[in-house]
Amino acid sequence: MFRPAGFAWLLLREGRVLWRGSILVRTHKYVLAPVLVVGLMFQSVALVLAAQIVRHPLPPGQMVLVANLNLFFFFWLMLSRAMTSAIDVLYGRGDVDFLLASPIPPGRVLAVRMLGVAGSVAAPWVLLGGVLANALAVYGQTWALAIYPMLLAEALVVAALAFALVVLLVGWTGPKRARRAGHMLALVAGVFIFALGQAPRFMSPAALGRFWQALLPAGDGQGLRYVFANGLRGQPWALALSIGFSGAVFWLVWAALDGRFASGAITAAAYRPGGSAVRQGGAFRASPFAAVLMKNLRLLTRFPGVVTQTVYRSLTLVPVVMILAGGLRVGGGVEVVAPLLVFLAGQLALFFISVMVGSDESPELAASAPVAPVLLRRGAVAAAGCATLVLMALPVIGVLARDAALLADLLPSMAGVLVSNLALGLRLPIPLMRADFGKAQTGTVLGLILGVGVSSVWSLAVWLLVAPHALGWLSPGQG
């Protein structure tokens, strides 16, 4: 008879599944060479930064403040992604029931899945912070290598909390709303980081100084209050306490969930949504095109990250609003709003059409309907275009109120980028979400790159139209 799979074997297989689901492997088969090239570029930049850090060292108190801020931001960014990953491994894959029916101890499966989520959410930040730590170590600052165990320890805590929150949220609201909560958490963290970076623009220097002074630790930042920050600074006692605390939290959550996981209470099969009675009819109450249009709009509204992804892409509106309100002047003035709005329109159009193409789980069902195939494509394009125009209406009205003459060049450019990226998204949708277990990924990084390029070209075109001397700085005679 076969022996039950060991812990190391399960962990290795979990790592392979997570790697195959990563965006690099999902979008391109040959990723090793590009990843190595980008890694070498980051390492080169990190060596330059490390030289400046070593040349201008910070006092201990400020070092503790920087460490605390990094750990704080890492925590919230990791938590939002860990919640989404926990939903996937518990409720999305659909293989938990088979594993529970196998001779493998259920607690071992749960521990491996929790460790896999911890490793997946820590990996990008470990790689990003690791290049700077490596560079500092080259200059003799070996304490910086503590970032590797510290971020892995923080990921253990994050994964444990994510699994606990997901089990509670799914029990109350269901997997869809729990996933949405994770996306909203990422949105709040991203907006907070963006607002903090823009603080010098809307806070006086005195108020900003008081804010940072309040965050500075007393003295040299020693003691249990700053144990995690000191662990990131490479102090052995703090590093050991941080790792021990993280392991304890991970073990407590695993022990609390082990029984429920073994009984099948937190698997996809145990969740039964209440549902609602839907009136069914044998005849269309609208035209086929209207039915296709509404179907695509429903796909858009049901996409888990539609709000957060839209807000992220719409951050371009922050400088637009400030310029139109007169609170910010960049370059030639109001004219700079035109390329920003054109670029935003292109990115929103590409995002919306990619959602509709990638979220359609049964395109063959629509293809079997007694309508022309071109009607299905037109419905998706019309729905994505309508959603884009609704969001762009308010800033266009703002341009109309501030400088109506810009609309003569702005509106045709927006129409051009809209048509270009909608056509591109139909053929090459961008990758937006992990494919279901065992299914192929619909998006491609090539579509993302081409979409940014198309939006940039149209933005440059409208900038050349609205600014008479947009490229005057290239002329030797211009100062």
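1. Where pLDDT is low, the predicted coordinates should not be read in detail.

2. This is a predicted model, in which local features need pLDDT of at least 70 and side-chain atom pairs count only at pLDDT 80 or more, while totals for chains, interfaces and linings use all residues. Residues are numbered from 1 along each chain as its sequence is written, and side-chain values use heavy atoms, with hydrogens and water left out.

3. The mean pLDDT of the protein is 79, and 81% of its residues reach 70 or more. Residues 435-440 fall below 50; this stretch has 6 contacts in the model beyond near neighbours in sequence.

4. The secondary structure amounts to 20 helices and 0 strands. Both are DSSP runs numbered from the N terminus: helices are H or I with at least four residues, strands are E with at least two. Of the 479 residues, 40% count as buried (buried is under 20% relative accessible area, exposed over 50%, partly exposed in between, with a 1.4 Å probe and protein chains only). Among contacts between residues at least 6 apart in sequence, 79% join residues at least 24 apart.

5. Helix α15 (residues 317-324) packs with helix α16 (residues 337-359) at an angle of about 150 degrees, and their axes are 10 Å apart. Axes are lines fitted to C-alpha atoms, for helices over the stretch in contact, and angles run from 0 to 180 degrees between N-to-C directions. The two helices are therefore roughly antiparallel (over 145 degrees; under 35 is roughly parallel, 65 to 115 roughly perpendicular, the rest oblique). On the α15 side the contact is made by Leu-317, Pro-319, Val-320, Ile-323 and Leu-324, and on the α16 side by Val-337, Leu-340, Leu-341 and Leu-344.

6. Asn-296 is found in helix α13 (residues 288-302). Its relative accessible area is 4%, so Asn-296 is buried. Not counting residues up to four places away in sequence, Asn-296 touches Met-356, Gly-379, Ala-380 and Ala-383.

7. Ser-413 lies in helix α19 (residues 407-427) and counts as buried, at 5% relative accessibility. Leaving aside neighbours within four places in sequence, Ser-413 is in contact with Val-342, Trp-458, Val-462 and Leu-465. From C-alpha to C-alpha, Ser-413 and Leu-460 are 10.0 Å apart in space and 47 residues apart in sequence.

Conventions: Contact means heavy atoms within 4.5 Å. pLDDT is the predictor's confidence in each residue, from 0 to 100.
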